[in-house]
Each structure stands twice: as C-alpha cells, then as structure tokens.
Amino acid sequence: MPDTARFRPPGPLGFGGAPLGNMFAPIPEATAEAVLEAAWESGIRFYDTAPHYGAGLSEHRFGHMLRQRPREDYVLSTKVGRMLRPDPAAPREYRMFRDPLPFRVEYDYSADAALRSVEDSLQRLGLARIDIALIHDIAEDTHGAEWERVFDAAMAGAAPALTRLREEGVIRAWGLGVNRPEACLWALERADPDLFLIAGRYTLLDQGALAALLPACLRRGVAVIIGGPYNSGLLAGGGTFDYREAPPERVAARDRLAALCARHGVDLRAAALQFAAAHPAVAAVIPGAVEPAQVRANAALMRTPIPPALWQEMREAGLLPPEAPTP
C-alpha cells in the first residue's frame, strides 16, 4: 500500500480508558472525574477510550472532562467493532466490567457499523470529532478460531470506511486496537493504517511485538501505542497478567525484574513505562488508573532517572533481548 503522511499522538505518556469503564470494580463518578483531572494536570494530552469499556461508560466519563478543555489541546482515540444496543435487561456485569451502562454489546465490523459507531461515540462523548478510530479486538484472543474470518470482514468493511473518513478529514488517523501482533502485521499488508494500539505485547515481561511488528511499523512510518505496559497489573505489584491470575512463571519473572530494580534503587513501574516508551516506533504508552495518585505516580515514574547499568543487568540475566532498545 502507498505510504502517506503519518499521524503520531502526543507522548510519551498517555491515558488508557479501560479502568474508567469499571474494570474489575465500580469506580464512583467523583473518583473518575478526579482521575481524569489529575491526568490533565499531569500534562497528559492523549486519551484512549472505547465503547467496550463499561458499555459506553468510559466514553461518557472522558467526554465530561474533555468537553471542558480546548479541543485543539488534546488527542482522543476511540474504537469501532462493537455496537451498543439499549437493553433494560442488560447484565450488570459485562466481561471484566462491573455496573456497565444498560446496553447490550454486539460485534459488527462492517463499513456501516464503523460509521455508526463513530457517530454513536461522538454522542456519548458530547464532542464534534475524534482524532483516531481504532478497529477493536480482531485478533485470536477475542475471536478464537474465527478470528481470520472476523479480520477479513473488518478489512473489507471497517478499514475502507475509516480510510474514507481520514481522506475526508473527519478523523486524523485510523488503525487497530488489539492484544496480538499478528493482526497488525496482516493489516499492513491489506490496508493503509496510520497506527496501532498493541496491549501487553511490548513490556518488560512480554516482547512479542519486538521481532516483527515494531520493525515493520518503523519501515512504514506507522506509529505504535503501547497499552497495558504493566501487563494488566503484574508489573505494578498486582497479581494479574493479561486480565487473569498470573501464571507462576510470569510471577517469577516479575520478581527477578523487581529484585534487579531494587538493587539499583529503581521502581519497577518506572522501568516498565520507560522500557515500553524507548522503542523508536512507539509514540505513547497508555497505562490506566483508578485513583488520582496513580496518575500522578505514572507521570513521575516516566521522568525518573534510570541508570544504564540496570538495563545491562536485565540483558545479562536473560530478562531482556539484546536487541531491545532501552532509554
């Protein structure tokens, strides 16, 4: 596909919106508002959300804060691929989200659905435009053995529809938002995306995007956004990896990384954020947060000095590939 002038969201630190969809536990409205205020006050100007996050709840919360800010001062991404249908009997738990809004979620990767999804997101956000539209979850982890069929449907439907919106100036960029690199590599062959959001596959614990995807994006000038830099909590002191209980080998690797960081007086979270941001293909890293203190901590951790010797020890211990860029 022909290359075009590419769009890169502002970084190195952005804000990921899944937790504000009540991921794992409900968040009071006042707390959600304070979290987003802390993000703005910390200088964060790139915000990512999706209809999937709390069946529209995250988008509502983002819109409430962002409507109070000059529109030219921030970049906003949301996603297509799931349509929300009003349903008074919608369950009070949806996947990992608790107390979502009363909508039933349906997959639809067609062109018409992509256009409707953008319009619906604008209504939930209360904004006149978004900057980035991402085709959400068209990889194997979401659709299993059907994922290739789903991918083909998205490339035939949503991808050309979003390309038209970009050409018409309705959006500034489009791409994929997924947890697996294979779909991104295929999209580079089949379409003309501007960027990818890849979650959990370029972290201190998992460099699955390093060998093929990140070099391919560099060649094409396609920006990469790193979601899940803490692997859904394990690198931040929690017990989950990829949104479920972490397997023992991941916990052991985390503990070895933490011990090395402690020897150098470095917070493991700082190493996690700065490692993910150091690759030249990466435009932004977007951890989420459920408390204002977490947002402020992430901003400080991204600026924390880290001695080069720490990265060297990680390589010598076999915890980082030799070719992985470091700060």
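When I say contact today, I mean heavy atoms within 4.5 Å of each other. Okay, housekeeping. This is a predicted model, where local features need pLDDT of at least 70, side-chain atom pairs count only at pLDDT 80 or more, and totals for chains, interfaces and linings use all residues. Residues are numbered from 1 along each chain as its sequence is written, and side-chain values use heavy atoms, with hydrogens and water left out.

Let's start with Arg104, which sits in strand 7, residues 103–107. Helices here are DSSP runs of H or I with at least four residues, strands are runs of E with at least two, and both are numbered from the N terminus. Setting aside neighbours within four places in sequence, Arg104 is in contact with Met83, Leu84, Arg85, Asp87 and Ala90. Is Arg104 buried, exposed or partly exposed? Buried means under 20% relative accessible area, exposed means over 50%, and partly exposed is in between, using a 1.4 Å probe and protein chains only. Arg104 comes out at 37% relative accessibility, so it counts as partly exposed. And from Arg104 to Ile306, 202 residues along the chain, the C-alpha atoms are 46 Å apart.

We have an open sheet of eight strands, paired in parallel, in the order 1-2-3-8-9-10-11-14. Strand 1 (15–16) and strand 14 (282–286) are at the edges with a single partner strand each, so one side of each has no neighbour in the sheet. Two strands pair, by the way, if DSSP finds at least two bridges between them. Strand 9, residues 173–178, runs parallel to strand 10, residues 195–199, and four bridges join them. One to find on your screen: Gly177 has Leu197 in strand 10 as its bridge partner.

Which brings me to helix 10. How many of its eleven residues are buried? Eight of them, so to speak a mostly covered helix, and they are Leu268, Ala270, Ala271, Ala272, Leu273, Gln274, Phe275 and Ala276. The cover includes strand 11 (223–227), helix 9 (248–263), strand 14, helix 11 (292–303) and helix 12 (308–316).

Take Ala276 from that helix. It counts as buried because its relative accessibility is 0%. Not counting residues up to four places away in sequence, Ala276 touches Tyr202, Ile226, Val282 and Val285. Ala276 and Leu204 are 72 residues apart in sequence, yet 7.6 Å apart in space, C-alpha to C-alpha.

Leu204 shows up again in the largest nonpolar core: of its 93 residues, Phe15, Tyr47, Ile135, Leu176, Leu204 and Met314 touch the most other members. Helix 10 gives the most to this core, with seven residues. Apart from it lies another core of 14 residues, among them Phe7, Ala173, Leu197 and Ala283. A nonpolar core here is a set of buried Ala, Val, Leu, Ile, Met, Phe, Trp, Tyr and Cys residues joined through side-chain atoms within 4.5 Å.

Last stop, a helix pair. In helix 5, Trp147, Glu148, Phe151, Asp152 and Met155 meet Glu182, Ala183, Trp186, Ala187 and Arg190 in helix 7. That's it, happy to take questions.
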